[in-house]
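Hello,

Here is the structure I said I would pass on. My notes on it follow below.

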Amino acid sequence: MLRAVVTAGGRVDGAFAAAIGTPIKALAPFGGGLLLDVVLNAIARCGIADVAVVGDDALAPHLAGRARLVGAAADGAINVARALDAWPDGDDLLFATSDLPFVAAAGLRAYLERSAAFELTMPLAEAAAYAATYPDAPEHVTALGGERVAGGSVFFIAAAARAPVRAVAGRFFAARKSALGMAGLLGSALLLRYCVRRLRIADVERRATRVLGVRAAAIRDAAPGLCYDVDTLDDYRYACGHR
């Protein structure tokens, strides 16, 4: 069974918190609703009925009838672990962050369909497609082995992959946007390739498959909406102006 889990424990401060009227990023106003609503609506439209959200108690009134709340901790790594433990071990997971202002059911569904042959996947949008979709957006693109891509903030984690991912949960999540972080997580050989600018996406796929013992893959040419997330106030303001 495929179930979904959304991490919504992220907090902001300073000008960002003042602009959205809350320190809880998931509760940022967006498009007549909340930032959190976008990913929950996309998941629901994919036909995934069972959803858990890891977050603050303040989220509870917004989840009634849509998702089960799992209490968040101050430590992001703990929250990732709680997300991975939110459903029974035999279930496959769609793991998503709550700050995806452009995620849509069609792109999410296509990603899940292409993930079916693997046990651990992450979407990648090709840089040109990403730039065409979000012109003049804050930079979210990285280069690996001659390819320029934007990394996603959703993951497909099959039941067989949950235990090995759980073992490196915090580091895995933290490394998702950084080629250097992913190389370091997967070992010195990949780290060396990164340092000499020879690290390729295929290298990361093969090493993840070997280290974690599951079939891991990057799903290329994924919908750009899976890859634009809100890390900064500039990201948020751009999203509000282009929704």
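In this predicted model, the contact between helices α2 and α5 is made by Ala42, Ile43 and Arg45 on the α2 side and by Ala105, Leu108 and Arg109 on the α5 side. Sorted by type, the residues of this contact are 4 nonpolar and 2 charged, with no polar ones.

As for geometry, α2 covers residues 35-45 and α5 covers residues 105-115; their axes are 8 Å apart and the packing angle is about 60 degrees. Because of that angle, α2 counts as oblique to α5. The crossing of the two helices is right-handed.

The loop between β6 (92-97) and α5 contains serine 98. Is serine 98 buried or exposed? Its relative accessible area is 5%, under the 20% cut-off, so serine 98 is buried. The side chain of serine 98 comes to 3.1 Å from the backbone oxygen of threonine 7. Threonine 7 is also one of the contacts of serine 98 beyond four places in sequence; Val6, Ala8 and Ala26 are others.

The last item is helix α12, residues 233-241. Its buried residues are Leu233, Asp235, Tyr236, Tyr238 and Ala239. These buried residues pack against two elements, α1 (14-20) and β2 (29-30). On spacing in general, an α-helix has 3.6 residues a turn, so residues three or four places apart point the same way.

Regards

How values were computed
Residues are numbered from 1 along each chain as its sequence is written. This is a predicted model: local features need pLDDT of at least 70, side-chain atom pairs count only at pLDDT 80 or more; totals for chains, interfaces and linings use all residues. Side-chain values use heavy atoms; hydrogens and water are left out. Axes are lines fitted to C-alpha atoms, for helices over the stretch in contact, and angles run from 0 to 180 degrees between N-to-C directions. Helices (H or I, at least four residues) and strands (E, at least two) are DSSP runs, numbered from the N terminus. Angles under 35 degrees count as roughly parallel, over 145 as roughly antiparallel, 65 to 115 as roughly perpendicular and the rest as oblique. A crossing is left-handed if the near helix is turned anticlockwise from the far one by less than a right angle, and right-handed if clockwise. Contact means heavy atoms within 4.5 Å. Ala, Val, Leu, Ile, Met, Phe, Trp, Tyr, Cys and Pro count as nonpolar, Asp, Glu, Lys and Arg as charged, and the others, Gly among them, as polar. Buried means under 20% relative accessible area, exposed over 50%, partly exposed in between (1.4 Å probe, protein chains only). A polar contact is a pair of N or O atoms within 3.5 Å; within protein, one must be able to donate a hydrogen and the other to accept it, and residues adjacent in sequence count only if both atoms are side-chain atoms.
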